[in-house]
Amino acid sequence: MKRRIEELEELKKLGINPYPYEFPVNAYSVEILQNFKDDDQPMNVSVAGRIMSIRRMGKATFSHIQDSKGKIQVYFKKDVLGDKYDILRLLDIGDIIGVKGEVFRTKTGEITVKVEDYQVLAKAIRPLPVVKEKIDERGNRIVYDPFTDKEMRYRQRYVDLIVNPEVKQVFIKRAKIISSIREILDSHGFIEVETPILQPIYGGATARPFVTHHNALDMDLYLRIADELYLKRLIVGGFDGVYEIGKDFRNEGMDRMHNPEFTMLELYVAYKDYNWMMEFTENLIYEVNLRVNETPKIKFGDNEIDLTPPWRRAPMFELLKQYTGENLEGKSEDELRAIATRLGVDVSSKIGAGKIIDEIFSELVQPNLIQPTFVIDYPVEMSPLAKRHRNNPRLVERFEVVICGMEVCNAFSELNDPIDQRLRFEEQARLRAQGDEEAMAIDEDFIRALEYGMPPTAGLGIGIDRLVMILTNQRTIRDVILFPHMRPEK
RNA sequence: GGGCCCGUAGCUCAGUGGUAGAGCAUCUGCCUUUUAAGCAGGAGGUCGGAGGUUCGAUCCCUCCCGGGCUCACCA
């Protein structure tokens with residue numbers, strides 16, 4: 001770094017501002033490479049980017065500069081640049097420059113800008129990890145000395161993005177996934193809304209919250225764990241379809257699938273049920289994927305996933321039977337506990353029947369569900385906000401979508417009976433008193449809203465980060481979140 | 001929180017109970033179509049931190065910090 005600061009001072013002494021105000025860019029690296037034709041009129045371009053490699057050969061210098069779209073080689077020649085050529089010695093890998101010149105093809109065939117003039121746009125005083133690469137005879141990109149330290153990649157994502165181009169592609173895809181979802185939902189006439197992140201009572205999911213404090217009101221507030229209860233209030237208020245894409249916060253462990261803050265889509269549609277929502281969901285994800293990946297069959301790890309609808313629909317108890325050989329339907333809590341033990345699934349003594357079933361399911365069934373699967377019809381105790389099943393009062397009309405063993409969506413026919421809702425909340429309060437820290441609190445205002453009448457409604461939640469993982473073939477959530485949560489650096 | 005593993009030069013990594021090495025980056029010199037440019041030479045390190053064992057610790061032990069994988073917890 002010391003050396004680079006000296007170079008910086010030297011540039012200033014020569015009357016060169018190492019941090020000027022603008023540069024007239026009129027072309028991008030990959031577009032030049034695509035548009036160049038050998039027998040065309042000379043093509044004059046003005047490109048800007050970061051120096052990623054530099055090969056000095058006395059009175060000629062080759063360098064690759066990287067802009068937002070890719071890389072292009074530039075060629076500096078003493079003949080052409082005169083005294084300005086000598087200033088090149090003050091430039092390093094990592095510096096940002098702008099060049100103007102004519103595009104040509106070198107002896108070895110690479111499309112290159114012959115620099116007629118150039119300008120320093122930002123001197124980098126901190127050295128960049130230098131990643132070298134070569135294209136072999138088969139056209140494969142071989143990377144030497146890759147920048148792979150995960151801690152540094154996540155803490156200094158800006159460096160990761162500079163030197164690992166495939167990382168950038170993941171986040172470009174992520175943006176496209178989210179904008180495609182918006183376009184599709186908007187085209188169906190759904191209204192995008194924003195609901196509170198700071199909530200006096202947290203609800204809509206079972207999870208522990210982050211707590212914060214409002215000074216003026218001198219009261220604790222919670223960062224939301226879900227948007228659900230507010231969005232349903234809007235259905236009560238007369239919107240037919242509302243959705244929100246935003247961050248939820250859950251104060252729990254972090255691992256390959258979980259980050260304390262994560263992005264959720266929630267969608268509520270009046271006069272529909274979960275059957276309608278299944279069809280909508282498979283079509284939505286199919287269409288989003290097509291726009292992003294241009295094929296319905298995608299790779300995830302060693303698996304090929306076919307997102308073409310219709311997806312398999314299977315009742316939870318049927319899947320349990322298929323993968324464990326046990327029929328759990330209608331069993332008491334004690335019986336379930338015995339079955340869990342027999343199957344080798346550890347269950348805490350604090351949890352109730354619903355959660356025991358959930359445990360067995362996530363451990364023995366879910367990992368086997370690779371192709372997109374709607375798991376439907378959950379036990380009522382697990383789902384205090386879902387409507388009872390029309391054919392079986394012990395179940396609710398709920399589905400989750402599992403892809404590659406990952407739960408990606410959760411949806412119900414929404415409970416709109418205010419009396420039943422109160423009973424379900426009271427059951428939750430009982431579990432809470434028993435020591436279940438994630439059980440829900442009673443939200444009186446939400447019940448009051450239901451008392452005014454909510455139409456039959458279907459609701460859907462999609463974990464956007466997990467969806468992005470699947471559509472970009474990334475194994476950990478940290479690789480689809482730009483700045484994943486880390487312990488602070490010392 | 002438990003288990004296993006990791007932390008050595010800017011980056012990627014070797015290594016040994018006698019205070020360190022490679023490749024690339026960097027610096028000097030040569031080089032006007034190179035591309036992992038090349039050739040010659042040079043510099044660069046509190047071996048994550050603090051203790052301990054030892055004549056002597058980067059190496060062995062303990063604790064701490066940070067990270068990875070995994071299990072648990074958890075959607």
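Visitor: Which atoms of RNA strand B does the side chain of Gln73 approach, and at what distance?

Guide: A polar contact is a pair of N or O atoms within 3.5 Å. In this predicted model, an N or O atom in the side chain of Gln73 is 2.6 Å from a base oxygen of RNA strand B. Thr106 has a polar side-chain atom 2.9 Å from a base oxygen of the RNA strand.

Visitor: Which elements give two or more residues to the surface near RNA strand B?

Guide: The helices are α1 (2–13), α5 (150–155) and α12 (353–365). The strands are β1 (44–57), β2, β3 and β6 (132–135).

Visitor: Which residues come nearest to RNA strand B?

Guide: A residue counts as near if one of its heavy atoms lies within 4 Å. Of the 52 residues around RNA strand B, the nearest are Asp79, Thr206, Arg250, Glu252 and Arg478. Of the RNA atoms within 4 Å of the protein, 57% belong to sugar and phosphate. The surface near RNA strand B is made up of 29 charged, 13 nonpolar and 10 polar residues.

Visitor: How many bridges pair β2 with β3, and in which sense?

Guide: Seven bridges join β2 (residues 60–66) to β3 (residues 71–77), in the antiparallel sense. One residue pair to look up is Thr61 with its bridge partner Phe76 in β3.

Visitor: In what order do the five strands close into a barrel?

Guide: The order is β1-β2-β3-β5-β4, with mixed pairing. On average, neighbouring strands of this sheet are turned by 55 degrees against each other, direction ignored.

Notes:
Residues numbered from 1 in each chain as written. Chains lettered and ligands numbered in written order. Predicted model: local features only at pLDDT ≥ 70, side-chain atom pairs only at ≥ 80, totals over all residues. Heavy atoms only, no water. Pairing = 2+ DSSP bridges. Helix = DSSP H or I, 4+ residues; strand = E, 2+ residues; numbered from the N terminus. Axes fitted to C-alpha atoms, helices over the stretch in contact; angles between N-to-C directions. Polar contact = N/O pair within 3.5 Å; in protein donor to acceptor, adjacent residues only side chain to side chain. Nonpolar A, V, L, I, M, F, W, Y, C, P; charged D, E, K, R; others polar.
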